[in-house]
Amino acid sequence: MPSINNKLLKKVKVLYVEDEIEIQNVTTEALSLIFSEIIPASNGEEALELYHEHGDFDIIVTDINMPK
């Protein structure tokens with residue numbers, strides 16, 4: 001039986017911004033085991049567009065050095 005914390009985490013929507021595709025793919029897969037929805041972006045401009053499009057992210061995870 002899943003704990004209440006797992007049920008809560010499965011309702012979390014994450015915007016994940018990483019410009020290195022290999023790292024983005026692996027991390028997105030790992031995050032999807034914890035959170036319900038992971039939206040990946042490859043640069044700052046794409047992330048901003050996704051933020052405005054979806055606007056209801058619970059968490060934003062981003063690389064500190066990001067193009068665009």
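Strand 1, which covers residues 13–17, runs parallel to strand 3 and is joined to strand 3 by four bridges; here strands (E, at least two residues) and helices (H or I, at least four residues) are DSSP runs, numbered from the N terminus, and two strands pair if DSSP finds at least two bridges between them. This is a predicted model, in which local features need pLDDT of at least 70 and side-chain atom pairs count only at pLDDT 80 or more, while totals for chains, interfaces and linings use all residues. Residues are numbered from 1 along each chain as its sequence is written, and side-chain values use heavy atoms, with hydrogens and water left out.

One of the bridges to follow by eye pairs V17 with T62 in strand 3. The three strands form an open sheet with parallel pairing, in the order 2-1-3. Strand 2 (37–41) and strand 3 (59–62) are at the edges with a single partner strand each, so one side of each has no neighbour in the sheet.

Helix 3, residues 44–54, lies across strand 1, strand 2 and strand 3, and its direction runs at about 140° to strand 2, where axes are lines fitted to C-alpha atoms, for helices over the stretch in contact (heavy atoms within 4.5 Å), and angles run from 0 to 180 degrees between N-to-C directions.

A salt bridge (a side-chain nitrogen of Lys or Arg within 4 Å of a carboxyl oxygen of Asp or Glu) links the side chains of D56 and K13, at 2.7 Å from N to O. Because D56 lies in the loop between helix 3 and strand 3 while K13 belongs to strand 1, the pair ties together parts that are 43 residues apart in sequence.
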